[in-house]
Amino acid sequence: MTLIGRGLALLGLILSPSAYAEWQVNLMPGVTEISRAVYDLHMTIFWICVAIGVVVFGIMLYSIINHRKSRGAKAHNFHENTLVEIIWTIVPFFILIGMAVPATATLIKMYDKGEAELDIQVTGFQWKWRYHYLGEDIDFFSSLSTPREQIANESEKGEHYLLEVDNPLVIPVGKKVRLLLTSNDVIHSWWVPGLAVKKDAIPGFINEAWTVVTEPGIYRGQCAELCGKDHGFMPIVVDVRSEEDYKLWLAEMKQAKAQASDAATQDWTLADLMEKGEEVYNRTCAACHQVTGEGIPGAFPALKNNPIMVAEPSAHIDVVLNGKAGTAMQAFRDQLDAVELAAVITYERNAWGNNSGDLVTPAQISKLKQ
Amino acid sequence: MGTLEQTVETEEHHGPARGITRWLYTTNHKDIGTMYLWFSLIMFLLGGCMALSIRAELFQPGLQLMAPNFFNQMTTMHGLIMVFGAVMPAFVGLANWMVPLMIGAPDMALPRMNNWSFWILPFAFSMMVSTLFMEGGAPNFGWTFYAPLSTTYAPPSVTFFIFAVHMMGISSIMGAINIIATILNLRAPGMTMMKLPLFVWTWLITAFLLIAVMPVLAGVVTMMLMDIHFGTSFFNAAGGGDPVLFQHVFWFFGHPEVYIMILPAFGIVSQIIPTFARKKLFGYASMVYATASIAFLSFIVWAHHMFTVGMPLAGELFFMFSTMLIAVPTGVKVFNWVATMFRGSMTFETPMLFALAFVVLFTIGGFSGLMLAIAPADFQYHDTYFVVAHFHYVLVPGAVFSIMAGVYYWLPKWTGNMYHEGMGKLHFWLSFIGVNITFFPMHFVGLAGMPRRIPDYALQFADFNAVASVGAFIFGLSQLLLVYNVIQCIRVKRHTTAQVWEGAEGLEWTVPSPAPYHTFAQPPLVK
Amino acid sequence: MSEKPTIFQMFLSALAAMFGVQSSQNHTRDFSAGHTWTWMLLGVVVMALFVAFVILLVTWALSMAGA
Amino acid sequence: MAQLQNENIKLVRKLVLGSMLMFGFGFALVPLYDVFCDITGLNGKVTRTGAAEPMQVDRSREINLQLIAVNNEAMPWQFEPITAAMTIHPGLTGQTAFLAYNPTGQNMVAQAVPSVAPAEAAEYLQKINCFCFERQTLEPGQSREMPLLFVIDPELPEHITTITLSYTLFDITPQLQASYRNGQPSMRRFML
């Protein structure tokens, strides 16, 4: 097995189109007590399997080499031996017990119900995550920040291609953090390999998981349950910081929130809103409605030449803010701030030849958001 | 039993009808078996093309060839076609051809139903494949079609998908009923249960499994249909339903389904290894009991597919323990095969090569299965490429290799001609190498953290994905050799004996090659 | 042919089947008589026992861990 | 021949019956699963509802109750608990409320679905009165305080100190219209 593995790895080197980051062939030990326990368990089972494999395949290989007709081997005539059969049933049974004991211990450790110091509600959306820090006034969306050009192979891919987000989940080091997982639409699964946490986020139900990270750093993961078109594009980034840095970040977040509401009261020109709108649109809307505004026939409607875009703005604003029931169109009321909403609506009404000339102001949106 | 005292003497000994009507109206088990096998070959190639398009997209990071939504349609259709269109019909085809020959029956017990159960399939799969051209595209929710992605959020074509599943379910159930009736009622005098060849035994047990779980699958898609069109809320939390219930019901079908796809494979391998080791199968009785045991156990392990949905601790432990225990009877089978080879007198014709590769690679798939059974470790493996590697190891060099082994093994009996041994070996070696290059690196990317069912991936997975894609094309293209070999074997006259293989034993080798259109009209006497 | 197996013997055979080990001699006896449906029923009974056994095992493991 | 036919027919009958039974069993799994959830608290489904038996108040410990509101899909209502967290003695009747506001221009109907974490605690959380028992209808621009009356069973296992109760709000306006259109009321009644 290992030989094949090495051979393949070598082959991989020769064939690989480019020498990307160093490759990894095994589970990562991770940065929590649990993840290390899982890693040890994984290695134990792996070596047991290798040992059984060596014995079984060894005997098989021996027979293939020695008991072949071309070597003049004559077939013996035995086809039953109850003792041997009982032995090879009992022995695996004991091996299994040997695996079950550490596995059970690890599992019980994972189900520890002790008090957490920080509770975060994690909500899966098609195709982003929302983190709500319970008891703090912090609530934000976290979506893929890899530029579309990189995905479309129009520019060089960055180091963390597809594993980078605009707003990472920030947690303090050494503290027990409890995650309360649920979903807004379909089933997602929140997975960060470095923490050995994988739990499904199910609409209408709440699941819990917890972690205590022992080393500050940035840990990356992905949604692990097929959740539709952009399942491959909803990564998770956990930024683990020291206690002070975490406090600092909390303060910054609160300040940023205050600033955003100030920005909404300023005056914005059409050009400014269009520029901001294009950025928001490409980040938030283009996954479905496409950069060209043409949508995907049968799945996502086109915005280009869409009558709603040039008619009176209130219907348009209503759809963006409140979503459209029974379709994939989400309510963006909470997902974007007033400036972003105003910008993206203005952009949609004036891009791709939708020349309505309308300017929807952040102030207008703020009023509706009350 | 012995109900064949009054035989089918009244039946005329005529050859097949001419033209297309032969195939449309046929009730002959050999014709129907042949049709099943050709159908499954076509489906295998179609599903294979989809697999190759998936691998082509995954050759490099970035989106090159297809949009993510189409990628999801490809993975879904690939899974459904391979499971329901390629592997299962191939086994039914082999059963149709070989079971009556092995037990000395003149035909299947219910020949007209046999014709039906085949002819439903082309319609079911035309319907399924036609969804690719519908507005909104084909099903894109994975072959496991978890709700609510497959209900509230599904493309409109889901209704056609549901009816296609209903149709192939009916086909499978009818096929299974026929096989059970044939085995229980049509055995030649003296062919007692404990003399049944292992292929017949495994199929008997598989048929019971089919009857037990295909209706559950029909039930779950019916619930989906009602949720989508009739306002019920089986799987919708808003109406008091539960999406997790879907997974429970699905896997209650799904896990026995896994064994439906592997038990007949065990049977084929248990026929081939003794033939080429020139030695009786070791532990025949144990093999039968182990098969039955696996079948029963398959009903109580389903939730190991759902360790991450948030089950209570006791539930996780229960399914972990029961899953680990199912490894014991499976292990017993592998030991028996090795013991059969031990001190035999082996030769290595193509069927034997495929059978040996089956034993080794299936065991590797079994090891990764055991690792997946360990719940805490499964939190890391679940829904990654490690799982993809695991089930492809069990299904491709497992189920598919056993089918190929069976085809090469029985092809001379079907056509009366020997296939070209050199080409057969070439096909084997290319497939063997291709399969390993494709699926072995998937273990690595899975452990490194690559989720399954994604059209694009992070850079650290790039190298092994490129390797896997190259392997997939080697494996895929080498299947053209299989097509070539089969056609050559039909067309090139290289007459073979009734016995075909030196070590072959059993009733099927007592009839001439090619097997006449009607065999055992006069039941043979088995001593 | 050996005599018909008793219910107890059949039960033992079903247990043996759980582990996948059985001698040819017993196998011959089992299938010389006995009905398919009896066997299936026995299989279900043994399964139920097996489930009970695993549940016991789980309870025991949980109590050991004090959870 | 006739005898064989008879045997075949008998066997086919049994097997067809068997597969029909299994089809029924597939559906029977639905209520079975609910029973199973009741017993194990799987998924944190809250099943104990209605008036509470008088319970011994356990003043020796306090349970921390977190309240969470989730909007499903395109549900545009503003929906939040009036207090995000509260502490309460087991056995004591607690009272809180959720605030809902319909910002849209239409009449809308919503159904709230409760869920509890840890799932183990679900069977000890009894709801005496809850807005989730009924559908909630709000007119355009209307807002409402929706009350919740509950009690935590003192039998709650010692190691549980925090219970999270979440409500997911589903917009069922379109479904209702659809089922009225088909003249077919929802088959599974709204439970909880």
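**Chains A and D**

I began with the contact between chains A and D: 28 residues of chain A are in contact with 29 residues of chain D, two residues being in contact if their C-beta atoms, placed from the backbone, lie within 7 Å. The model is predicted, so local features need pLDDT of at least 70 and side-chain atom pairs count only at pLDDT 80 or more, while totals for chains, interfaces and linings use all residues. Residues are numbered from 1 along each chain as its sequence is written, and chains are lettered from A and ligands numbered from 1 in the order in which they are written.

I then looked up which elements of chain A touch chain D. At least two residues each come from β1 (118-125), β5 (176-183), β8 (207-212) and α9 (313-322) of chain A; helices (H or I, at least four residues) and strands (E, at least two) are DSSP runs, numbered from the N terminus. By class, I noted 9 nonpolar, 11 polar and 8 charged residues on this side of chain A. Here Ala, Val, Leu, Ile, Met, Phe, Trp, Tyr, Cys and Pro count as nonpolar, Asp, Glu, Lys and Arg as charged, and the others, Gly among them, as polar.

**Chains A and B**

For the next pair I recorded 88 residues of chain A in contact with 91 residues of chain B. On the side of chain A that touches chain B, α1 (2-15), α2 (33-66), α3 (82-110) and β7 (197-201) each supply at least two residues. I found that α3(A) gives the largest share, 14 residues. That side of chain A divides into 52 nonpolar, 23 polar and 13 charged residues.

Within helix α3 of chain A I looked up A:A105. A:A105 counts as partly exposed because it has 16 C-beta neighbours inside 10 Å; buried requires 20 or more other C-beta atoms within 10 Å, exposed 12 or fewer, and partly exposed lies in between, with C-beta atoms placed from the backbone.

**Helix pair in chain B**

I noted that α9 (residues 284-297) and α10 (residues 313-341) of chain B pack at an angle of about 155°, with their axes 9 Å apart. Axes are lines fitted to C-alpha atoms, for helices over the stretch in contact, and angles run from 0 to 180 degrees between N-to-C directions. The angle makes α9(B) roughly antiparallel to α10(B) (under 35 degrees is roughly parallel, over 145 roughly antiparallel, 65 to 115 roughly perpendicular and the rest oblique). The contact includes B:M287 and B:I294 of α9(B), and B:I326 and B:V332 of α10(B). Its residues divide into 7 nonpolar, 5 polar and 1 charged.

**Helix pair in chain A**

In chain A, the axes of α10 (residues 338-350) and α11 (residues 362-369) come within 8 Å and cross at roughly 120°. These two helices, α10(A) and α11(A), are therefore oblique to each other. Among the residues that meet are A:L341 in α10(A) and A:I365 in α11(A). I counted 6 nonpolar, 2 polar and 1 charged residues in the contact of α10(A) with α11(A).

**Sheet in chain D**

Last, I looked up an open sheet of 4 strands in chain D, ordered β2-β4-β8-β6 with antiparallel pairing; two strands pair if DSSP finds at least two bridges between them. Its edge strands are β2 (78-81) and β6 (125-130) of chain D. The twist averages 25° from one strand to the next. I noted 5 bridges joining β6(D) to β8 (residues 143-152) of chain D. The bridge partner of D:L125 is D:I152 in β8(D).
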